[in-house]
Amino acid sequence: MPSPAPAPDGFTHADADVNGVRLHYVIGGSGPAVVLIHGWPFSWIEWRAVMPLLAEHGFTVIAPDLRGSGDSSIPAGHWTKRDEAEDLHQLMGRLGHDQAFAVGTDVGAMTAHAWAQAYPDEVSRLVLSEAFLPGFGLEKHMDPATGGSWHFGFHAQSELAAMLTEGKEEAYLSGFWSMMSRGGITDADRTDLLRAYTAPDAMRGGFEHYATLLDDGRAARNLAPLAMPVLVLNGEFGLPQQILLDGARQAARDVRADIVPAAAHTFAADNPAGTAQRLAHFFTTISA
């Protein structure tokens, strides 16, 4: 199997055994921890361009591959966002950080939300991006009968979806990559993503992020609203922000919003300088 794409200058690849899985992550910089949680169908490489810029702002930047994705291990069966949150909690403990700024996009936003719910004293500020929240608006947008997106239900049948896309990984994924990016996801990025998603069982691993969304929503609704500051951040040409913003206002008490200009769903790749500036401002300004 080809080697992973090189880490940005000043960053290194690493692995940690946590919560019964092996998590791959890329780390660099120094200062307070910023954890960047990718979406589907991506890996840590979705954040590659913005990572050095955040390090220049004085942060330790950690970009893990969620379990089932990238170069992390792929457990058997299904798992919940709470399981993924526990992975991140244990990773932070292994790295010696008792607090972190969490940034999640797409399905990674759902994981970041679950992490903040499970460990509110650990996630000091939370950024939710380019997603719908389980329990707070997602369910309506999963239902194609009411205008929701078809792919949620297809991906949720993880074994079936993996069987039907076997041998067709590039054809299936390339449409999503093209639709989601305004050029920030490069040909080299696609090559590395395809390397990861054509590994044995990797398509199922990616689809597993969808398999428990209804359970994730029921769990999320049973917990108290978040008290830490929350930023809803979308690309100018990404998903409609209002849906996520409405959900975040139900799920948290202190919510504000911003837009990354000239960017689509993959805003950190499309406009890394604008993304770094907005994130650094949110993390370092008392009133944010």
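Select Thr 165 in helix α6, residues 158-165. Helices here are DSSP runs of H or I with at least four residues, strands are E runs of at least two, and both are numbered from the N terminus. This is a predicted model, in which local features need pLDDT of at least 70, side-chain atom pairs count only at pLDDT 80 or more, and totals for chains, interfaces and linings use all residues. Residues are numbered from 1 along each chain as its sequence is written, and side-chain values use heavy atoms, without hydrogens and water.

Thr 165 has a relative accessible area of 4%, so it is buried. The cut-offs: buried is under 20% relative accessible area, exposed over 50%, partly exposed in between, with a 1.4 Å probe and protein chains only. Its side chain reaches the backbone oxygen of Ala 161 at 2.8 Å. Now show the contacts of Thr 165 (heavy atoms within 4.5 Å). Beyond its neighbours within four places in sequence, they are Phe 154, Tyr 172, Met 203 and Phe 207.

**Aromatic rings**

Next, select Phe 154 and Phe 207 with the rest of their aromatic cluster: Trp 40, Trp 150, Phe 152, Tyr 172, Phe 176 and Tyr 210. Rings of Phe, Tyr and Trp (its six-membered ring) pair if their centres lie within 6.5 Å; planes under 30 degrees apart are stacked, over 60 edge-to-face, the rest tilted. The count comes to 15 aromatic pairs. One of them, Trp 40 with Phe 207, is tilted, at 6.0 Å centre to centre and 35 degrees between the planes. Trp 40 sits in the loop between β3 and α1 and Phe 207 in helix α9, so this pair ties together parts 167 residues apart in sequence. Phe 207 is buried at 0% relative accessible area. Phe 154 and Tyr 172 pair edge-to-face, at 6.1 Å and 65 degrees. Phe 154 belongs to helix α5 and Tyr 172 to helix α7 (169-180), 18 residues apart.

**Strand β3**

Move to β3, residues 33-37, where five of five residues are buried. Which residues point which way from β3? Ala 33, Val 35 and Ile 37 point one way, Val 34 and Leu 36 the other. Show β4 (60-64): three bridges join it to β3, running parallel. Strands pair if DSSP finds at least two bridges between them. Val 34 has Val 61 as its bridge partner in β4.

**Helix α10**

Finish at α10, residues 213-221, whose buried residues are Leu 213, Asp 216, Gly 217 and Ala 220. Their cover includes α2, α3, α4, α5 and α9.

How values were computed:
Polar contact = N/O pair within 3.5 Å; in protein donor to acceptor, adjacent residues only side chain to side chain.
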